[in-house]
Amino acid sequence: MESPMSALASTVRFIIIFLFIQKTFADVGLRFVRAPEPIAAPPGDDVTFECSLNIPAEQVRWRHNGRYLNSTAHKGKPLQNSNQLNVLVNDERQTGDYQCVAWYGASALASIPAHLSLAEMGDFPNTDDTVIEVRKGNTILIHCQSPSSNPPAVLQYFKDGRNLPESVQVISSTGTLVLPNVSDKDEGTYTCSASNYITGNTITSHQKISLRVSWNTEPQQPRFPYRPEDNYTIATGSNVTLECAGSGYPTPSVSWRRKNGPLPSQSEEIPGGLRIPNVAASDRGTYVCELSNGIGRAVPHVISLFVQEPPTLVSEPPKTVGEEGGSCQLDCQFRGEPSPVITWLLNGESVNNDSLIKANGGTLRINRLEKRHAGFYQCMASNAQGTTYGSTMLQVKPMQVTAHMTGDNMPDVDDSEIGGPGNIGLTSSPSYGHHQLEKKEHRRGGKGRRKDKKHKGNAVMIPPTKPHITRLSDESVMVRWSVPDNVGLPIQFFKVQYRELGNGHTRGGGRRGRGNRWMTSNEDIAPHIRSYEVSNLEPDHTYRFRIAAVYSNNDNKLGPNSARFHLHRGSPALKTHLSTPLLTTTEAVSPSAIEIHWQYTPSASSPIEGFYVYYRATSNAGEYVKATVEGEQTRAYIITHLLPDTIYDIKLQSFTVGAASDFSVIRTHKTQREMTTPPPMVIQAGSSVITDTGSSSSMLYVVLGAVLGGLGLLLGLCLLVFLCNRHSQQSQEGSHNASHDPHEAHNNGDDIPVKPHEQQLFHGTADSGGWQRSAAQSAQLPQVNVSSLRGGERPRPRGPGTGAGAHGALGTHPRQGRRELRVTLKGSPLMASNELVP
């Protein structure tokens, strides 16, 4: 069962990661800097859509009418950078909504759809010719019915086949020609033409509108020559003119009023209507214009003004964290006219196909949260005037599985040391190719206790911390640990141990295999390394891990065991949920260090814990050294303990507890060359100090002379040893020839054994940049035995002063009265003998 402190640490870590991601997206915020825009294009034209965000996406994909495009679908071809899409417009098949989707790991954000339509224009509708008769001095409106056109056609009027003066007013919102205070000069036949400014086409209407101006002065009640428009629909920010013009005699006056309120403050009465610039939502309502000239009753006309607003986001859901298996509700609120239609997207895809998600307008509810529900949510609001969206990030906290206490996962209280003090017991484990470290139980007062600090005299051994485990593949994990800052004994190297828990074993007394044995890695891990990859594991098995430290006094201590880790079987696709870091720059900062920098785009659905740095000498085809960089926000690291003037391969991974990302692109860099020039010599004489920068060459001669002198001395010593050995051999041959009883000396002599001088050597390993030390081992110098001056004879000791020491043996020949001195040089196979004649 997970301890309270471990559970608290996990909770605190989760909160820190969440707060960081929340702050990142709250402060920076993903937003589209350029998004595809609606456009009308004629057949044969090329259209380019652009899409970019303030934070560059890992990948940008394009959709047409909700379906992802490949390179040639619908004549849509992404350019070299996927932020652009080129569409060759041929016919209606290329029209529709285009949308870019920006991917950040497994999370995605979709742009507002942009509609592509064909620019075209149809014919004028068939309309009969019209004759308008009006009294002199009245204002008349001539309206030419426009043909269907995209974009709307621009109308131009002609009188009797000639262009009208530029001073003639045409209402832009409706294309109506205004002729105020008509007179004889305005009589004639009016026609119109329509032009599409995109296609460049212009067509002429066959309808003819004849205007006749009457001089009749007989009183006439006001009237409308034709019925004005009853309804106007306009978007906010546009200009509109409400048309109202009539005729009568005397010339009628026009008055405007608005039901249930005053006229807009910016409105203006002009000949032929009421002009309202920059229409606001508050301008919607019912307007009444009245014609009156004192003859009969005033003639009213009611006009309804509908003002449409594009959707505007009022509120969006906050960034949310939900528990796996729990429920969650997200709410968006928009205003707009007409009321926007709201749809929901999860990572750029509609949620309609998810049976666990229920969307109703601006409310989305997830009945049972699963990990796949994590990511970016967008509430898209659309109406006739446009589309906008609100977004949020939902994180799904994995369900905490509590392990029950069984015989295979009971807390380990007796694993505080490896073997005895100063001794590491290793036994081979052929099945894993690793080692098993022997355990030693420590009992105090009958209760097993784990020691946090181990003392040996005044020395303190600070153990490594509890390791954290990350899944790398079906058969490997990354083990990470740290060592608290301390003033205790320095660590020579680390060992990683692991054991399998309860696989195929029963509690009823059945045989237990290696589930109870701690397996140990072969490699000795350098003291500056804090991570190690354990391979050759079995998927769908549960393990525990721990770290052993070996200190400068050759003693060792174990850190606490890790939590139970179940190695799930998966597929390589699991890595794609994490963003891959981009290794940008590498710089040699010293002969033993390289500084690296990288870029990383956080994934909303998979916040990471840090990065793995892999490096090795390019000339070494062996395993990479792994270093751990904690923190999602870290973007630089200095790799140390490297060899000078050596090229290294470097790559990166991001990681979480459950997985690691794909590797970054490998970059190579060379460490600096080690400086061998001696520093300037400083000569102090009396009160003056002289810096001699030109004495480096003389110092070089001094060093070379010392080296050559040492070599000469060594050669002389070797020559002396050779001559002594030669003289000893000649003496032995002469003694042998003079002897008549070769067994006499042997029968009367005793052996004088020389105890070998044993030197315990301890080596460690540090996997750092291509250099290695051998595993812990003991080396023993070869034994040195004292032999007789004569072949086959051994000297007899005389007196208490004779015997063998660690470096030589002194003996007296029993028959010839000579003393023999044999000298063994420490650490050298050379021997010297000397004869002393009394």
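Salt bridges first. A search of the whole structure finds 16 of them. A salt bridge here is a side-chain nitrogen of Lys or Arg within 4 Å of a carboxyl oxygen of Asp or Glu. Side chains of opposite charge can pair when their charged atoms come close.

Before the examples, some ground rules. This is a predicted model: local features need pLDDT of at least 70, side-chain atom pairs count only at pLDDT 80 or more, and totals for chains, interfaces and linings use all residues. Residues are numbered from 1 along each chain as its sequence is written, and side-chain values use heavy atoms, with hydrogens and water left out.

Start with Arg-34 and Glu-50. Their closest N and O atoms are 2.4 Å apart. The pair links distant parts of the chain, 16 residues apart: Arg-34 sits in strand S1 (residues 32-34), Glu-50 in strand S3 (residues 46-50). Strands (E, at least two residues) are DSSP runs, numbered from the N terminus. Both ends are partly exposed, Arg-34 at 47% relative accessibility and Glu-50 at 26%. On that scale, buried means under 20% relative accessible area, exposed means over 50%, and partly exposed lies in between, with a 1.4 Å probe and protein chains only.

Next, Glu-349 and Arg-63. Here the closest N and O atoms are 3.5 Å apart. This pair also links distant parts of the chain: Glu-349 in strand S36 and Arg-63 in strand S5 (residues 59-64), 286 residues apart. Which end is buried, and which is partly exposed? Arg-63 is buried, at 5%. Glu-349 is partly exposed, at 35%.

Glu-370 is partly exposed at 24%, and so is Arg-368 at 41%. Shared partners join Asp-354, Arg-368, Glu-370 and Arg-372 into one salt-bridge network.

Now the backbone. Where are the cis peptide bonds I want to show? One runs from Asn-150 to Pro-151, with omega near -5 degrees. Pro-151 lies in the loop between strands S15 (149-150) and S16 (154-159). Another runs from Glu-337 to Pro-338, with omega near 0 degrees. Pro-338 lies in the loop between S34 (333-337) and S35 (341-346).

Last, positive phi in residues other than glycine. Asn-347 has phi near 50 degrees. Its place is the loop between S35 and S36 (349-350). Asn-347 is buried, at 9%. Asp-645 has phi near 55 degrees. That residue is in the loop between S59 (636-639) and S60 (647-655). Asp-645 is partly exposed, at 30%.

Key
Helices (H or I, at least four residues) and strands (E, at least two) are DSSP runs, numbered from the N terminus.
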